Amino acid sequence: MTRKNTLKAWTGLTIILLTLLLSGWQFFNKHFQYELEIEAKNSTKELTFISDLVKKRLQKKDYQLAQDFITSWGERTPDIDEIILVTTNGYELAHYSNNKESKHRLTEEVDIQYSYDRMAKLKLRKSLDNIYRQHQYFLYELLAGYCIIALILSYMTHTIVRIEKQKQQIIIENEKRILAEKELSETNKILQESEQNLAITLNSIGDGVITTDAKGLITSMNPMAEKFTGWPLEDAIDKPLKDVFCIIEESTRKPMDSPVDKVLSTGEIVFLSNHTILLSRNGTEYHIADSAAPIREGDNDILGIVLVFNDVTERKHSEEKIRTLFQAIEQSPISVTITDPDANIEYVNHAFEKSTGYQASEVIGKNPKILKSGKTSEHIYNEMWQAISNGNSWNGELINRRKNGETFWESTNIAPVVDDFGIVRHYLAVREDISLRKHQEEKILHQAHFDALTDLPNRFLSLDRLTQLINEAERNRELVAVLFLDLDDFKKINDSLGHDTGDKLLVEAADRLHNEVRSGDTVGRLGGDEFIILLGGLTHATDAQPVVENLLNRFRDAFKIDERELILTASVGIAIYPDDGDSPSELLRNADSAMYHSKEQGRNTYSYFTETMNQDVSRRLIIEEQMHGALDRGEFYLCYQPKIEIQSRNIIGVEALLRWNNPVLGNVNPDEFIPIAEQTGLIVPIGQYVLNESLNITSQWQQLCRHKFTMAVNLSPRQFRDPNLITSIEAALSKSELSGESLELEITEGVLLSGHSYIHKALTTLNNMGIDLSMDDFGTGYSSLSYLRSYPFKVLKIDRSFIADIIIDIADRELVNAAIAMAHSLGLTVVAEGVETEEQLKLLASQGCEIAQGYYFSKPVSADKITELLTASNSS
Amino acid sequence: MVKILSGKKVTNLIPSLLIITLLLIPSLHKHANADNNLILAVHPYLPAEELKKKFTPLANYLSNQTGMKIIVKIGSSYDEHIQYIGQDKVDIAYMGPASYVTMTNQFGSKPLLARLEINSNPWFQGNIITRNDSDINTLEDLKGKHIAFGDPNSTMSYIIPHYMLTKAGVFTDPLTKHQFLYSHNNVALGVLSGDFDAGAVKPEVFRKFEAKGLHTVALTPKISEHLFITRSNLPVKNIEKLRHAMLNIKYSDEGMIALTTIKKSITGLVKTSDNDYENLRKIIIESQQSK
């Protein structure tokens with residue numbers, strides 16, 4: 001590089017750096033202006049916001065609050081130096097100042113018109129010091145960045161100048177070298193002449209040789225040249241070379257320049273590219289390699305040229321094929337190994353490296369045994385060696401070991417590679433990693449047989465094992481017990497605490513069951529909360545008894561789920577092979593029937609199957625079947641039981657009670673059909689029917705009464721899960737033109753058990769609607785006081801089971817007395833259910849119980865009868 | 001079964017649980033003197049917990065001096081407070097002058113123990129204020145003006161000033177307007193800001209804002225301070241003990257700490273008679289009649 005150019009480069013750099021500095025400075029200033037504008041906008045917004053709030057306070061004449069607000073706003077906002085609120089008469093109503101002297105300040109003010117004739121002015125002074133400081137830091141950063149760029153550019157310029165100088169040096173040296181080469185070629189001239197003469201002898205060799213004169217006209221050809229070009233010498237002689245020697249480029253298939261012109265113009269030897277194709281006179285194509293050289297006389301004059309070429313078509317094809325094959329094998333996703341006949345590895349492809357973790361260089365020359373994991377049985381290897389040493393191929397699945405020690409499954413195919421003479425020269429092993437498939441197969445097999453939640457055998461495997469047990473028992477003349485276990489009230493837990501809790505409970509229950517049986521016995525999950533336990537090798541049917549008792553005992557301890565203690569019991573039904581059936585399905589069905597019997601016996605117990613049980617199960621199924629559509633068919637109707645105010649003996653309300661008369665089943669007991677309605681969810685439409693029907697008649701009865709008259713309706717826990725509960729109650733009330741005060745909703749503690757917030761919300765909403773909430777069946781559940789205190793109950797209904805014995809059972813009497821006192825202390829009205837005698841009534845009256853309900857006054861009766869009763873009491 | 005207690009099987013447990021619970025429920029409805037403790041009732045002029053803290057030292061001091069256990073209870077409303085002492089349901093009551101007068105009008109007289117002395121003065125006067133730049137010099141000048149009051153139940157910021165303004169004929173002018181601002185501070189600020197021409201405040205508030213440009217147009221009559229009374233059927237010797245302890249409280253360091261806990265400016269408790277509240281009674285009765 002010249003001194004001038006060096007100067008140019010450094011001048012250029014200086015201009016660039018100056019431009020950068022100027023534009024950076026411009027950018028910095030614009031950015032600063034922008035920040036200030038944003039700050040001003042924000043301040044205006046903030047002032048507007050403050051003034052709106054101050055305005056509201058001034059309108060309310062709460063000056064103190066306006067002052068406090070301004071002070072607290074100022075204190076909370078560090079950037080604000082001062083906020084001043086001045087009234088029309090110039091009085092400073094509020095003045096917040098942080099007593100700081102900011103260098104840079106922004107002052108905004110706004111007028112607040114807070115009544116027709118009152119106006120105040122709000123001034124806001126904000127400190128801009130922070131922004132100025134930040135921009136100072138930003139400037140430093142920019143300068144630092146600029147310095148770094150300047151340094152880098154200077155270094156680059158310096159390097160470029162240096163490299164350019166070196167290049168110049170190299171060019172000078174090259175020129176010297178070429179000159180030297182030229183001298184060398186001249187000294188070889190004599191040698192070249194003899195070589196030209198020698199070329200004529202090439203007639204006998206396999207290369208084609210053509211010579212031309214200085215004009216490029218053919219002077220001679222050897223026989224091979226005749227063959228390749230398809231031109232006999234006599235035809236070709238004196239023809240321009242390019243007519244005879246037609247060459248095209250392989251990929252573009254365009255004619256290539258004749259080497260003659262080039263050699264003649266340059267006087268040098270010209271080599272054709274590797275992709276040259278010679279078109280013979282008859283159209284045959286040959287891949288050729290050739291060279292053209294000048295024939296010289298004396299020192300300089302070129303007499304002609306000699307063209308030497310040979311056919312490389314075959315070699316080219318072989319090379320192509322080998323390259324393709326090699327690439328295919330190398331890039332194949334399947335692992336390939338090639339060994340010599342002694343099983344020393346000669347080649348592995350990339351897939352092999354990937355699957356084994358070994359690099360090719362680590363295994364070349366080694367025996368493939370290095371992959372052995374020891375987990376594949378020895379006879380598989382024997383079989384493999386036998387096959388391949390007999391010259392046959394072998395395939396199978398091997399467990400191999402990777403370099404990192406991990407084992408994996410490989411599907412392996414080994415074949416001998418023989419040469420033309422049938423001698424084994426290599427072995428070829430092709431392998432595929434099938435670990436994933438193997439793992440999935442195992443998993444699918446497990447999933448097909450085991451329950452995903454509890455990992456217990458599922459229905460399929462359980463029944464399969466039962467079949468095996470039956471076969472064994474048949475051979476050995478033994479008995480098999482099939483235990484059908486169902487968790488009691490599990491559905492309620494699912495409904496009230498959610499499926500997550502239910503699932504955790506199932507896992508824990510499965511664990512307890514599994515730990516309780518002998519190791520050979522099967523515990524399986526049939527689905528839901530149903531489990532099966534199979535006990536084989538029994539001598540007597542009673543042998544199952546201690547096992548089932550232990551199982552039930554295991555449920556005595558509370559289950560701790562999510563820091564909540566839950567008591568869960570189970571009902572078990574037992575069927576015995578061969579007495580109760582000889583097929584798995586029959587045994588299972590009969591154990592199921594026995595389980596239902598246990599449920600009816602009060603749960604938490606077990607029953608052996610007897611023939612009559614099947615009939616009970618079928619009744620339940622019939623009830624379920626008949627209940628569908630019963631509402632549309634008008635089979636449900638309501639009865640009403642009066643509630644009596646003990647002091648006045650007036651009927652002050654009724655409780656609506658659901659009844660069902662079905663053409664197939666006759667009158668069905670509510671205790672029998674209501675649980676089924678809850679389980680099937682039919683309770684929601686049925687409950688809606690009860691509400692509509694009972695409220696429909698309420699106003700008619702209210703008109704017959706001189707005092708307050710309320711309709712009490714029972715709500716089941718299931719109904720609370722209905723999102724439309726509140727709206728449907730509102731609709732029923734408005735349809736019958738009643739206010740909430742006319743309705744009392746009776747709920748049991750079961751509703752509150754879950755503690756869900758939506759229950760609390762629903763109860764509060766109902767209470768706000770004026771509806772009285774009544775705690776039903778008090779004393780039979782948790783009897784929790786916290787429920788009574790934390791939910792808005794108005795009424796407490798003492799369960800009939802306590803009232804029944806208050807005359808004879810001191811404990812019951814004390815309980816009722818205490819319950820009444822407690823209810824009163826909480827401000828609740830008390831209703832005694834199931835009052836049947838005058839004595840009971842007197843005792844309740846003496847304790848201050850307000851309301852009674854029971855057969856002593858009236859059993860549940862039809863609506864007409866209630867109308868009669870009310871009319872009668874009205875006229876008396 | 002999910003239920004922990006099932007049916008009647010565990011009836012032995014439930015009664016005992018219920019009875020224990022019953023004992024734990026506090027009862028306000030029983031007679032005040034059921035457990036030999038004396039109840040010092042205070043009206044809810046601040047949050048209940050704060051008042052308990054303020055009055056408990058005094059209750060403890062009086063307990064020590066008289067040998068009778070005294071506990072503090074806070075009424076749920078001013079009205080409940082008046083009803084409870086009126087019906088002798090609490091033993092000792094701390095009352096504001098207006099509440100006292102209302103109570104005696106309804107239930108007759110009760111034994112008086114002592115009244116507060118604030119900065120050595122058992123009387124206090126409210127101020128009817130205006131701005132220094134206004135041309136109002138007498139109460140009559142307030143005709144047709146805009147007047148700010150505090151709370152409609154407040155003695156100093158409404159009842160008495162309103163009585164005085166009515167007397168001065170200010171409300172005969174249909175242009176006279178007034179508005180309740182529910183705090184003494186707001187009244188002073190309202191006048192200063194020019195939204196109101198005048199207002200009525202207690203003396204502490206007047207002093208606080210005086211320098212900002214306020215002056216007094218008129219002072220209210222002197223009203224006797226807050227006082228302690230007892231139920232009418234408390235045994236005479238107990239009344240004597242309490243009164244003696246109260247009137248001598250200023251001689252005890254412990255007693256003065258108890259008093260200043262209630263209010264910093266209290267300097268003692270002094271003798272009082274129903275006569276001290278006669279002028280306020282007259283005002284309240286006349287105000288009620290004029291309504």
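In this predicted model, helix 13 of chain A lies largely in the open, because the number of buried residues among its 15 is zero. A residue would need 20 or more other C-beta atoms within 10 Å of its own to be called buried. The length of this helix can be checked too. Helix 13 covers residues 435–449 of chain A, and at 1.5 Å a residue it should span 21 Å. Its end C-alpha atoms are 21 Å apart, which agrees with that expectation.

Most residues other than glycine have a negative phi, and most peptide bonds are trans.

Pro578(A) sits in the loop that joins strand 22 (570–577) to helix 18 (584–600) of chain A.

Another is Asn99(A), whose phi is near 60°, a positive value in a residue other than glycine. Asn99(A) is found in the loop between strand 2 (92–97) and strand 3 (105–113) of chain A. Asn99(A) counts as exposed because it has 6 C-beta neighbours inside 10 Å, and the cut-off for exposed is 12 or fewer.

In chain B, Tyr182(B) has a positive phi of about 65°, although it is not a glycine. This tyrosine lies in the loop between strand 8 (177–180) and helix 6 (184–192) of chain B. With 18 other C-beta atoms within 10 Å, Tyr182(B) is partly exposed.

Methods
Residues are numbered from 1 along each chain as its sequence is written. Chains are lettered from A and ligands numbered from 1 in the order in which they are written. This is a predicted model: local features need pLDDT of at least 70, side-chain atom pairs count only at pLDDT 80 or more; totals for chains, interfaces and linings use all residues. Helices (H or I, at least four residues) and strands (E, at least two) are DSSP runs, numbered from the N terminus. The expected span of a helix is 1.5 Å times one less than its number of residues.
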